[in-house]
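Dear colleague,

I am passing the structure on to you below, followed by an account of what was found in it. Please read the account with the coordinates open beside you.

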Amino acid sequence: MNGKFITIEGGEGSGKSTQVKLLASYLQTKGIDVLTTKEPGGTPEGKVLRELLVTGDKDKFDAITECLLYYADRRNHLTKLVWPSMQEGKWVISDRFADSTEAYQYYGYNKRVDYETLENMYKIVAGDFKPDLTIILDIDPKVGMQRSFAKAQEMKVKELRFESRQLEFHQNLRQGFLDIAKREPKRCVVLNADKDIETLHREIVEVVQSRLGV
Ligand code: TMP
């Protein structure tokens, strides 16, 4: 692969999408060809899966079905968009990737899915491929959920399937992201996201500069 793959992860309302846009603009000023995308829903087919996954009754899928749907979206995303773009030399920034499945479907659901099953799904879908850098935006779920509900109201979106879960679910998945970062310190950096947009952006830029030599 000629390009790089950066993933931005975090709980609800951590400001990922804003930071993805700001980081892309910064990298473009450095002459880097950038593609921004997201999971679920980075491709036209993925948008259909996203609709299924983020709207409606929170209990409509069992945990394995939900993982398979996220991984189906991921496989399509990688093969149709991420890998071809990287081959062309683009740097791809994705708003969420596989760490979200581990955080939400494994930690969030209190380890209802067997970890090995999840690892196997990853291998089938992505093989040895891993992000070059993962930035985890950490925020107290109480603050994040407030932001998320406010945004949903403002934009009149109904993608609240996960927001409708109890606080405990969000606390668990926050811990999940922190555990992943501890396990893979070379790939992951955790930043406190409870601060203004510009300050957080500068911190992200510093991380990208030091980790990827921009
Ligand atoms: P978004 O609102 O950040 O775009 O993400 C959509 C929702 O999907 C969000 O509530 C988190 C959830 N999600 C998972 O539960 N597992 C996953 O693997 C991914 C990518 C997202």
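This is a predicted model: local features need pLDDT of at least 70, side-chain atom pairs count only at pLDDT 80 or more; totals for chains, interfaces and linings use all residues.

The largest pocket

The largest pocket holds about 1200 Å³ of space, and 42 residues line it, with Lys-16, Ser-17, Arg-50, Asp-95 and Lys-151 lying nearest its centre. At least two lining residues come from each of helix H1 (16–29), strand E2 (34–38), H2, H3, H4, H6 and helix H8 (197–212). Sorted by class, the lining of the largest pocket comprises 14 nonpolar, 13 polar and 15 charged residues.

The ligand

Where does the ligand sit? It sits in the largest pocket, and helix H2 (44–54), helix H3 (63–87) and helix H4 (98–108) are the elements that give two or more residues to the shell around it. Of these contributions, that of H4 is the greatest, at four residues. The shell around the ligand consists of 14 residues, and those that come nearest are Glu-12, Lys-16, Arg-96, Thr-101 and Gln-105; by class, the shell divides into five nonpolar, three polar and six charged residues.

In the side chain of Glu-12, an N or O atom is 2.6 Å from an oxygen atom of the ligand, while a polar side-chain atom of Lys-16 lies 3.0 Å from an oxygen atom of the ligand.

About 320 Å³ of space lies in the second largest pocket, which is lined by 17 residues, and the closest of them to its centre are Glu-102, Tyr-115, Glu-119, Tyr-122 and Lys-130. Both H4 and helix H5 (115–126) supply at least two residues of this lining, and H5 gives the most, with five residues. The lining of the second largest pocket has seven nonpolar residues, one polar residue and nine charged residues.

The cavity

How many cavities of 30 Å³ or more does the structure hold? There is one of that size, and the largest cavity contains about 110 Å³ of space. Its lining is made up of 14 residues, among which Gly-11, Glu-12, Ile-139, Leu-173 and Arg-174 are the closest to its centre. Strand E4 (133–138), helix H6 (141–155) and helix H7 (167–183) each supply at least two residues of the lining of the largest cavity, and H7 gives the most, with five residues. By class, the lining of the largest cavity divides into eight nonpolar, three polar and three charged residues.

With kind regards

Technical notes:
Residues are numbered from 1 along each chain as its sequence is written. Side-chain values use heavy atoms; hydrogens and water are left out. A residue is near a molecule or strand if one of its heavy atoms lies within 4 Å of it. A polar contact is a pair of N or O atoms within 3.5 Å; within protein, one must be able to donate a hydrogen and the other to accept it, and residues adjacent in sequence count only if both atoms are side-chain atoms. On a 1 Å grid over the protein atoms alone, a cavity is a set of points where a 1.4 Å probe fits but cannot get out, and a pocket is an open set with protein on both sides within 12 Å along at least five of seven lines; lining residues have an atom within 4 Å of a point. A molecule sits in a cavity or pocket if more than half of its atoms lie within 2 Å of its grid points. Ala, Val, Leu, Ile, Met, Phe, Trp, Tyr, Cys and Pro count as nonpolar, Asp, Glu, Lys and Arg as charged, and the others, Gly among them, as polar. Grid points are joined across faces, edges and corners, and a volume is the space filled by probe spheres set on the points.
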